[in-house]
Amino acid sequence: MKGNLLEVKDLSLYFKVFGGTLKVLDGVNFTVGDEEKVGLIGETGSGKTTTMKAIMKILGMTTARISKGEILFKGRDILKMNKAEVQEIRRKEISMIFQDPTAALNPYFSIGSQIKNIIKYSGGMGKKLTKVEIKARGIEALRNVMLPDPERTLNFYPIQLSGGMRQRVCIAMALLSNLNLLIADEPGTSLDVTIKDQVLRLLEDLVDEKHISVILISHALGMVKNMTQRTYVMYGGSMVEVAKTAELFINPLHPYSQALIAVVPKLTGRGMSQGIPGYIPEYLNPPSGCRFHPRCNYVMPICKVEKPTFFKVKETHQVACWLFKK
Amino acid sequence: MEKTIFSLVLTSKKWENVQRGWYKFSLNRLSIIGLIVVFIILFLAIFAPFVTVHPEAVSKYVNFSESKQPPSLSYPFGTDIYGRDIFTRTIYAFRISLLMSFVVLSISVSIGVILGLIAGYFKDSWIDILIMRITDIFLSIPALILALSICAILPRNLTTTMIAISLVWWTWYCRMTYGIVTSVRGEFFIQAVELIGAGKLHILFKEVLPNCLSEIITKMTLDVGSVILIGSSLSFVGLGAQPPTADLGSMIANGAKYLPDLWWMSVFPSIALVMIVLGFNLLGDGIHDIFTVREG
Amino acid sequence: MRVGYLKNEGAKLINNNILTVKNLKKYFVTQQGIVKAVNDIDFSIKEGETFGLVGESGSGKSTVAYTIAGLYKPTEGEIAYRNQDISNESKKRSKELKKEIQIVFQDPGTSINPTRSIYQILELPLRVHAIANNYKDRTDKVKKLLKMVELPEDYIYKYSEMIGGGERQMISIARALAANPSLVLLDEPTSALDVSIQAKIISMLIRLQKDFNLSYLFITHDLSLMRNVASSVAIMYLGKICENASSSEFFKNPLHPYTQMLLSSIPVLSDEEEKLKPKKVKSIGEIPSPVNIPPGCSFYSRCSKKMDICSKEDPLMVEVSKGHFVRCHLYK
């Protein structure tokens, strides 16, 4: 692997709101390699969706300001690119699947016409495609996601499909171009358990087949465990731990990661934990030093003063916690 | 230490909400302009006797030696054919316009909203059908024509004109409230309150109505301009305020006859009309922003 | 990290049924046809216990809760609360009954009125049921309610848009408990929330159940959560109950093919849990629309163990072992 496909370096971002600034992202460091499936675990308010939106440059730029950092895609900084270049990337290199497939699809247009637009803009390998070719591609894309009767589905409107089918259409649309990176933001939350199982297995097969890198964002730890090779844990606007997925779930090191995993209800039936004491950081006035320190059981004086960077515990396991400073 | 003092102030929900509302309002410069314009108009209307120097201009006054004067220092907007100062008349006309909006909107909003609330909450019952069909009948006739027809059968004065416009205007509020209520009443928070056992009156006025308020208030602000326009249209054809009372519409109507020679007779009242309507429209946009909740 | 575990202690020794549902049906007439949302189900909830209802979309589980609460009138069948027939819509129910049965909805965003302050929301049930009769008493009780759900006192001045989803849900729960109900229907109370908030709320619900001897109807699609909350579980598919057993039986020995399919699809975090899952039954097929349910067993189209008779005859509920009921031709 010559270099990383995507590298987010020390990204800091804030929003201007009533009452001050929300210092949401505070030095995010994040890499995705070629053909790598990376998970991003975090709860609401951790900043994971904001990070992804920053990558795709779809933040509301009226209130969001990037104070520092770089987002390197294939070596080039997305933040410094102009509109045309970013459009190119969105069309051909990076795609995103959103949490709610119903909101991602335009209810006034048929599936066929929405797919047609994407095929047209995602580039037909240089040459212009004919109507017949576009339709054929559309049918093939729908067949790839195992939708029954793809040809008829092209004429349907989103409201005529079930949630699982809509999510599959979104996946089909995301995979239409020869993309390199797929960002999947909570891709199964609005689906039923059995349908989610099918759709995610499908996604995995397609991603492997096309050699795409994936960023899988979720607060559903089980889904991330099954689908990724490496996982980040995000809290309060920065990454607190990164490790090989299996390693992370067997041996979580950061106090937050440990708490998070302990809080998930287990099939063994040992009862419910009481949650993590305290509240998620308030971004108007975030805690000093390590943003987790008000809720941490192992807090030390230095935690309140200085924010820890990543410390290497193993080659593939890093933790942003003063407990692990060499 | 500072935080506790601050939080003592902030726990008064009203103050913090006011601050938050102002913040949202002030994000758009145009809304501030609207607010300033409306302020100026209100000020001028209220203090009309103190800002004008020719109070006789709004009474049965005639001074042919000063008539048809173009704008000058003593007559900033010039005089009309009777020698009356147009500036004074314009400022006093503001009073009529604002009075008209206030009365019309008070009556029509009260009637319309209450009817819409009841019809919407008891959707598909005979009350709903009765109220909404009556509303439909009124709505099927163009507003201006309906107002004219009502004015035609009543004595010609400002009061009757206001009543006529009110009888036309309530329908919009009824329909708008009906639409909001029918969707709000299916929301979980209404179901929850019904299941707790709250009474119908409480639900209608304390739970459902507040959810309609933002749209109603926004529409009211925008409607000030519209009511004034309709009032002016009616006075253009001789209804509404009767001479010698100054009213923008009649001033424009009378002045139009003398275009282009005595252009100041119609141009200045027209500009004034535009300012009022524009001011309230911009203000209405800003008020709408206050009620818009943006997530995230 | 110090984390306390609370176990659900299940039903008290008194074996009273606080709620019994018999042959309950709820049909809706729509443009596409008749939707048989709830199609002949029976179950009972014992006093003080948590009865779990599991199912995916279209199963009818929410409709069951809404019908019990009184949002809908049953098409057929009876609902008995403390042996008293209550198969009526809420507007025909007495105020005392409304006090007894309360519901917590799934979506915290729309369960509380955004134009009312927390104080107004919580004092309403107190006023309606005459629990506190002057301003001072009401304010005291509201503050007590907030304390009960571990929220700070100054929240009484806040509005829903100022607080997070988890806190809104806690307000919904506080509102439901304000008038001292006996039966609380919880429709996916934590599905829209993060895991750590979920843990806080569920453990709080369990504690409140013990403190006030509450009975819960707990609806969720999250089986791992159900395992830790309910003492009895029933699984629904397309309006019918497929399997109904005690919690431990249900998870140790799932009999219905749908139960097995559902259990094997749960994503788990540890190998220990993985071993507890039934052998992998791959989920296949779409969930059919509840409008045109084919004859025979409603699960036929997705069942891996289907037989000829399954497409023709709808199986009856059979008690396979004590307290363990299954509706499947495999078990006769």
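Begin by selecting chain B, where, among contacts between residues at least 6 apart in sequence, 68% join residues at least 24 apart; two residues are in contact if their C-beta atoms, placed from the backbone, lie within 7 Å. This is a predicted model, in which local features need pLDDT of at least 70 and side-chain atom pairs count only at pLDDT 80 or more, while totals for chains, interfaces and linings use all residues. Residues are numbered from 1 along each chain as its sequence is written, and chains are lettered from A and ligands numbered from 1 in the order in which they are written.

With chain B still selected, switch to a cartoon view, and 12 helices and 0 strands can be followed; helices (H or I, at least four residues) and strands (E, at least two) are DSSP runs, numbered from the N terminus. The C-alpha atoms of chain B fill a box of roughly 75 × 60 × 25 Å along the principal axes, and of its 296 residues 40% count as buried. A residue is buried if 20 or more other C-beta atoms lie within 10 Å of its own, exposed if 12 or fewer, and partly exposed in between, with C-beta atoms placed from the backbone.

Next select chain A, which has 12 helices and 13 strands and in which 46% of the 326 residues count as buried. Its radius of gyration is 21 Å, which agrees with the value near 20 Å that a compact globule of 326 residues would have; the radius is taken over C-alpha atoms, and the globule rule is 2.2 Å times the number of residues to the power 0.38.

Now show chain C beside chain A, where the contact takes 39 residues from chain A and 36 residues from chain C. On the side of chain A that touches chain C, the largest share, 7 residues, comes from H11(A), and by class that side has 17 nonpolar, 16 polar and 6 charged residues. Here Ala, Val, Leu, Ile, Met, Phe, Trp, Tyr, Cys and Pro count as nonpolar, Asp, Glu, Lys and Arg as charged, and the others, Gly among them, as polar.

Staying in chain C, select helix H10 (residues 257–264), which is largely enclosed by the rest of the structure because 6 of its 8 residues are buried. The buried residues of H10(C) are C:Pro257, C:Tyr258, C:Thr259, C:Met261, C:Leu262 and C:Leu263, and they pack against H8 of chain A together with helix H8 (223–229), strand S10 (232–237) and strand S11 (240–246) of chain C.

Finally, select helix H4 (residues 118–128) and helix H6 (residues 165–177) of chain C, whose axes come within 8 Å and cross at roughly 25°. H4(C) is therefore roughly parallel to H6(C). The contact is made by C:Ile118, C:Ile121, C:Leu122 and C:Pro125 of H4(C) and by C:Ile171, C:Ala174 and C:Arg175 of H6(C). Axes are lines fitted to C-alpha atoms, for helices over the stretch in contact, and angles run from 0 to 180 degrees between N-to-C directions; angles under 35 degrees count as roughly parallel, over 145 as roughly antiparallel, 65 to 115 as roughly perpendicular and the rest as oblique.
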